[in-house]
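Q: I am new to this structure and would like to be walked through it. Could we begin with the ligand and then move on to other topics?

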Amino acid sequence: GEYKLPKGTPVVINHWALHHDPEAWNDVDAFIPERFLDEDGKLGPKPKSYLPFSAGTRVCLGEFVAKPELHLLFACLMQRYTWSMEDGKTPDLAPIGSIFAMNPKEQDVVIKRRF
Ligand code: HEM
């Protein structure tokens, strides 16, 4: 490749940069889940600039636990409750950074039981 690193150099993937690359993503901060679908509405090929579980020898070992868990959890939460912001507010997606992970700011969400 283009870069020469001394043996033993720790290398980490900057996942935030990868997932915010304006050359790879349109309107990157907008919530557009359809961006992952193909013309037939089916799950499209994995975008190149998308590695939420990393890659290579240190790839996440929990990907196949986490994905079905999240699928079930979100399905249950969406089935039982409606989720919205207080009147006139939009979610603030600007992250609070830290060395390891980024979190959303605390904000009020209105959660109502569907039944
Ligand atoms: C949405 C949930 C999760 C995400 C987005 C995620 C993401 C990641 C990422 C990006 C890494 C690589 C970190 C690095 O750069 O070194 C990683 C590593 C790892 N993850 Fe996850 N993870 C998730 C859930 C889980 C779960 C549920 C487990 C265990 C059941 C798990 C086990 C691991 C382990 C053991 C590693 C270290 C692999 C290694 O360094 O050899 N993860 N994860």
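**The ligand and its surroundings**

Q: What kinds of residues make up the shell around the ligand?
A: The shell around the ligand divides into 7 nonpolar, 3 polar and 1 charged residues. Please keep in mind that this is a predicted model.

Q: Which residues are they?
A: The residues around the ligand are His15, Pro52, Phe53, Ser54, Arg58, Val59, Cys60, Leu61, Gly62, Ala66 and Leu70.

Q: And what does the side chain of arginine 58 do with the ligand?
A: An N or O atom in the side chain of arginine 58 lies 2.8 Å from an oxygen atom of the ligand.

Q: Where is leucine 70 in the chain?
A: Leucine 70 sits in helix α2. Its relative accessible area is 42%, so leucine 70 counts as partly exposed.

Q: Which nonpolar patch on the surface includes Leu70?
A: Leu70 belongs to a patch that also holds Leu73, Phe74, Met78, Trp83, Val109 and Ile111. Together these residues have about 630 Å² of accessible area. Two elements, α2 (63-80) and β4 (109-113), each give two or more residues to the patch.

Q: Which element gives the most to that patch?
A: That is α2, which gives 4 residues to the nonpolar patch.

Q: Changing topic: which salt bridge does glutamate 63 make?
A: The side chain of glutamate 63 forms a salt bridge with the side chain of lysine 67, at 2.8 Å from N to O. Both residues lie in helix α2, 4 residues apart, which is about one turn of the helix.

Q: Are those two partners buried or exposed?
A: They fall into separate classes. Glutamate 63 has a relative accessibility of 14% and therefore counts as buried. Lysine 67, with a relative accessible area of 44%, is partly exposed.

Q: Why would such side chains pair at all?
A: As a general point, side chains of opposite charge can pair when their charged atoms come close.

Q: How many salt bridges are there in the whole structure?
A: A search of the whole structure finds 3 salt bridges. One of them joins glutamate 86 and lysine 89, whose closest N and O atoms are 3.0 Å apart. Glutamate 86 is partly exposed, with a relative accessible area of 33%. Lysine 89 is also partly exposed, at 48%.

Q: What about aspartate 92? Which residue does it pair with?
A: Aspartate 92 forms a salt bridge with lysine 105, and here the closest N and O atoms are 3.0 Å apart. The pair links distant parts of the chain, 13 residues apart. Aspartate 92 is in the loop between β1 (81-85) and β2, whereas lysine 105 is in the loop between β3 and β4.

Q: What can you tell me about serine 49?
A: Serine 49 is placed in the loop between α1 and α2. Its relative accessibility is 10%, so serine 49 counts as buried. The side chain of serine 49 reaches the backbone oxygen of leucine 18 at 2.5 Å.

Q: Last one: where is phenylalanine 100, and is it buried or exposed?
A: Phenylalanine 100 is in the loop between β2 (95-96) and β3 (103-104). It is exposed, with a relative accessible area of 82%.

Q: How far is phenylalanine 100 from glutamate 86?
A: The two are 14 residues apart in sequence and 30 Å apart in space, C-alpha to C-alpha.

Definitions and conventions:
Residues numbered from 1 in each chain as written. Predicted model: local features only at pLDDT ≥ 70, side-chain atom pairs only at ≥ 80, totals over all residues. Heavy atoms only, no water. Near = heavy atom within 4 Å. Polar contact = N/O pair within 3.5 Å; in protein donor to acceptor, adjacent residues only side chain to side chain. Nonpolar A, V, L, I, M, F, W, Y, C, P; charged D, E, K, R; others polar. Patch = residues over 30% accessible without salt bridge, like charges linked within 9 Å, V, L, I, M, F, W, Y side chains within 5 Å. Areas by Shrake-Rupley, 256 points an atom, 1.4 Å probe, with all protein chains shown as cover. Salt bridge = Lys/Arg side-chain N within 4 Å of Asp/Glu carboxyl O. Buried < 20%, exposed > 50% of the residue type's maximum accessible area, 1.4 Å probe, protein only.
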